[in-house]
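Here's a quick briefing to read alongside the model. Have the sequence and the 3D view open, and click through the residues as they come up.

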Amino acid sequence: QLQFVESGGGLMQPGGSLRLSCAASGFTLDYYAIGWFRQAPGKEREGVSCISANGGGTTKYADSVMGRFTISRDNAKNTVYLQMNSLKPEDTGVYYCAAPKSSFFRALCLTEPALFPFGSWGQGTQVTVAS
């Protein structure tokens, strides 16, 4: 079972930046496409961004974060990052990373939560944007 550890969240003022990390152990993260998701209180989990497998040549972003968030891979560290700039209060939520649940989609950049996770959701990392 794939396991991810999300970190890097915190409390930030509007306009600030955070970098989230999605670390994996025991397997090669680049073999899988990775999606970032978030869930705000009382709302359903939503897809934020994704990066394809094998070098991450394809990335996608939700309209709400386009131009502010950047997803990337560091294969040497077996980690995927989500750089979040110009944060807004509506970015508040618990952020999760995951690989697609089906091997058919293993390498594809996807952001539909129903197609995730492979295994179970991790604990996530809390991001709170408030003044």
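In β10, valine 94 has glutamine 126 as its bridge partner. That contact belongs to the pairing of β9 with β10, which run antiparallel and are joined by three bridges. Keep in mind that this is a predicted model.

**β10 and its neighbours**

- β10 also pairs with strand β2 (residues 10-12), and here the two strands run parallel, again with three bridges.
- On that side, leucine 11 finds its bridge partner in threonine 128 of β10.
- Which residues of β10 sit on the covered face? They are Thr125, Val127 and Val129, while Gln126 and Thr128 make up the uncovered face.
- Put together, Gln126 and Thr128 of the uncovered face are also the bridge partners of valine 94 and leucine 11, respectively.

**Disulfides**

- The count comes to two disulfides.
- One of them joins cysteine 22 and cysteine 97, with the sulfur atoms 2.1 Å apart.
- Cysteine 22 sits in strand β3 (residues 18-24) and cysteine 97 in strand β9, so this bond ties together parts of the chain 75 residues apart in sequence.
- Its S-S torsion is about 80°, so the disulfide of cysteine 22 and cysteine 97 is right-handed.
- Buried or exposed, what are cysteine 22 and cysteine 97? Both are buried.
- The other disulfide is formed by cysteine 50 and cysteine 109, whose sulfur atoms are 2.0 Å apart.
- This pair links distant parts of the chain as well: cysteine 50 is in strand β5 and cysteine 109 in the loop between β9 and β10, 59 residues apart.
- For cysteine 50 and cysteine 109 the S-S torsion is about 90°, so this disulfide is right-handed too.
- Cysteine 50 and cysteine 109 are both buried.
- If you number the bonded cysteines in sequence order, the pairing reads 1-3, 2-4.

**Aromatic pairs**

- The model has eight aromatic pairs.
- In one of these, the ring centres of phenylalanine 27 and tyrosine 32 are 5.8 Å apart and the planes stand at 90°, so the pair is edge-to-face, the cut-off for that being over 60 degrees.
- Both partners fall under the 20% limit for buried: phenylalanine 27 has a relative accessibility of 16%, and tyrosine 32 a relative accessible area of 13%.
- Phenylalanine 37 and tryptophan 121 make another edge-to-face pair, because their planes are at 80°, with the ring centres 5.3 Å apart.
- Where do these two rings sit in the chain? Phenylalanine 37 is in strand β4 (residues 34-39) and tryptophan 121 in the loop between β9 (93-98) and β10 (125-129), so the pair links distant parts of the chain, 84 residues apart.
- Phenylalanine 37 is buried at 0% relative accessibility, whereas tryptophan 121 is partly exposed at 24%.
- Ring pairs also tie Phe4, Phe27, Tyr31, Tyr32 and Phe118 into a cluster.

**Charges over rings**

- Arginine 106 has its charged end over the ring of tyrosine 31, 3.8 Å from the ring centre; Tyr31 is one of the cluster residues.
- Arginine 45 does likewise with tyrosine 96, its charged end sitting over that ring, 4.5 Å from the centre.

- Phenylalanine 116 and proline 117 are joined by a cis peptide bond, with omega about -5°.
- Asparagine 54 is not a glycine, yet its phi is positive, about 55°.
- You'll find asparagine 54 in the loop between β5 (46-51) and β6 (59-61), and with a relative accessible area of 56% it is exposed.
- Asparagine 78 also has a positive phi of about 55° without being a glycine.
- Asparagine 78 belongs to the loop between β7 (69-74) and β8 (79-84), and it counts as buried at 17% relative accessibility.

Note on methods:
Residues numbered from 1 in each chain as written. Predicted model: local features only at pLDDT ≥ 70, side-chain atom pairs only at ≥ 80, totals over all residues. Heavy atoms only, no water. Phe/Tyr/Trp six-rings, centres within 6.5 Å; stacked < 30°, edge-to-face > 60°. Buried < 20%, exposed > 50% of the residue type's maximum accessible area, 1.4 Å probe, protein only. Helix = DSSP H or I, 4+ residues; strand = E, 2+ residues; numbered from the N terminus. Lys NZ or Arg CZ within 6 Å of the ring centre and 35° of its normal. Disulfide = S-S within 2.5 Å. Pairing = 2+ DSSP bridges.
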